[in-house]
Amino acid sequence: GTYGSSFTGGMSFTRGLSCNGRGSLPGAAGGSFMASFPGAGGGSFTGAAGGSFTTTPPGGGLGGIGSGALSNGLSGALGGMHSAELYDAVWQSADAEAEAAAHAAGFEYVPLPRQERYHELQVTPMIDPATGVQTMLVVQTDITARALCELRMAQLTETQLRMLENMFPRHVLEFMCGADPEEGLTNLEALALQHDDVSILFLDIVGFTAMSKELAPQQVLEFLNTLFCSFDEICLKFKVYKLDTAGDGYIVVGALMTVDSEGFFTLHDKSDPVEGANKLVAAAYEMLRHARSVPMPHNGQATQVRAGIHTGSVVSGLTGTKMLKFSLYGDAMNTSSRMESTCAPGCIHVSETTYELLTPSWRPHFCPRGGVQVKGKGLMASYMFAPDEAQLATMSADQVAELTEQQGLKDPPCPALAQPQPLCGLSIGSENSSGESNAMLCLTDYVPHRRYDSSAN
């Protein structure tokens, strides 16, 4: 037969519980089996308060399994077998006996599906009114539906907490937990914080707009998800903080966040601007490397990205009441975006502020750009790193930094830009030997190993 109850630690069982009369369970159980216990009789259990069990084999079933100790929790054992193993052994024994009986009677045996059940035992001490003997009333209730619902709710809560941990740093989560549920999140200005010498990376995909017009939405999203998930892993590797995505744009911050002992993102107490800038450049290089291994879905060509980095002061916080997200605000964000939009495909473009923070591992790879017009600031000095295909294919960021230090490079290895570089514009006013005025137009555009000059007489 099938014995359908589960055992809960610390409860005593009397002889009133039996397996269809084929075995009894006297004694006390010192542990718990949180699983149904189907079985065919034959062996009897006798036990002591410590939770040890012995078996005798008068004719089959559980007889001969052995002896063992039932520990607290889910790991009880009979004869060295864990509860799950014992459960399987008893189930297989019951199946075999039932199948043999069915075949002997000329019937086809169809085993019932195994289903985990949850039971609750309530034990109440009482005096038997007929005999006056101290005894216990045991009430067993099937609570499977309630238990499964509670497990599902626990899983949903855990999923929600993990999502929040990935969306907000620790100080924002603590602010949310302290808010009044009825009033909602108010006084958000209390979260506003100033951060100095923070490096910001803006990165986007070259040719994304044209590609998205040729593909179904599902293909576009699948491509972005594949690329951005790999970028997330790179951020974890170099310990930089992914701030946001906007369309095909990917925004990362260095020297702002760290991960505490409990796995939460938390603000740096004492951030190092040099470390933040160099980690961000290394992460950007790895993103360039990985992107070329992901083909563009509309033409199969390697994906190209461009990256812009600037270092400056920002303010962090939350704004609004709907779709809240942790964001950074300030002029440094605008400048970083400008570095990205004026960057050549497959390159890393940094401002002079960021360039000055780079160590000898990275600085020699950046060439002067000659100046970039930035709204509200005029012409800004900037530098660009244009790794070639061979370098991206064979060298990681760590290898590039190590090799640079070994070679002791000091001057930018940029033969195309070694000559003095005039700024874009029109120079008027020079005179030749005959007194005529000449106008010289010099156009320069940073494309690796190319330079364009034209003059008009």
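What share of the contacts in the chain with a separation of 6 or more comes from residues 24 or more positions apart? They account for 56% of those contacts, where contact means heavy atoms within 4.5 Å. This is a predicted model, in which local features need pLDDT of at least 70 and side-chain atom pairs count only at pLDDT 80 or more, while totals for chains, interfaces and linings use all residues. Residues are numbered from 1 along each chain as its sequence is written, and side-chain values use heavy atoms, with hydrogens and water left out.

**View 1. The chain as a whole.** Here we have 10 helices and 25 strands; these are DSSP runs numbered from the N terminus (helices are H or I with at least four residues, strands are E with at least two). Of the 457 residues in the chain, 36% are buried, that is, under 20% relative accessible area with a 1.4 Å probe and protein chains only.

**View 2. Strand β12 and its partners.** Strand β12 (residues 193–205) runs antiparallel to β17 (residues 305–317), and 11 bridges join them; two strands pair if DSSP finds at least two bridges between them.

**View 3. Around Ser327.** Ser327 sits in strand β18 (residues 327–329). Is Ser327 buried or exposed? Ser327 has a relative accessible area of 12%, so it counts as buried. Setting aside neighbours within four places in sequence, Ser327 touches Leu243, Val315, Ser316 and Gly317.

**View 4. The largest nonpolar core.** A nonpolar core is a set of buried Ala, Val, Leu, Ile, Met, Phe, Trp, Tyr and Cys residues joined through side-chain atoms within 4.5 Å. The largest one has 45 residues, and Phe231, Tyr285, Met287, Ile348, Trp362 and Phe366 touch the most other members. Not counting residues up to four places away in sequence, Phe231 touches Leu203, Tyr250, Met287 and Ala291. Apart from this core lies another, of 23 residues, including Val172 and Leu324.

Conventions: Buried means under 20% relative accessible area, exposed over 50%, partly exposed in between (1.4 Å probe, protein chains only).
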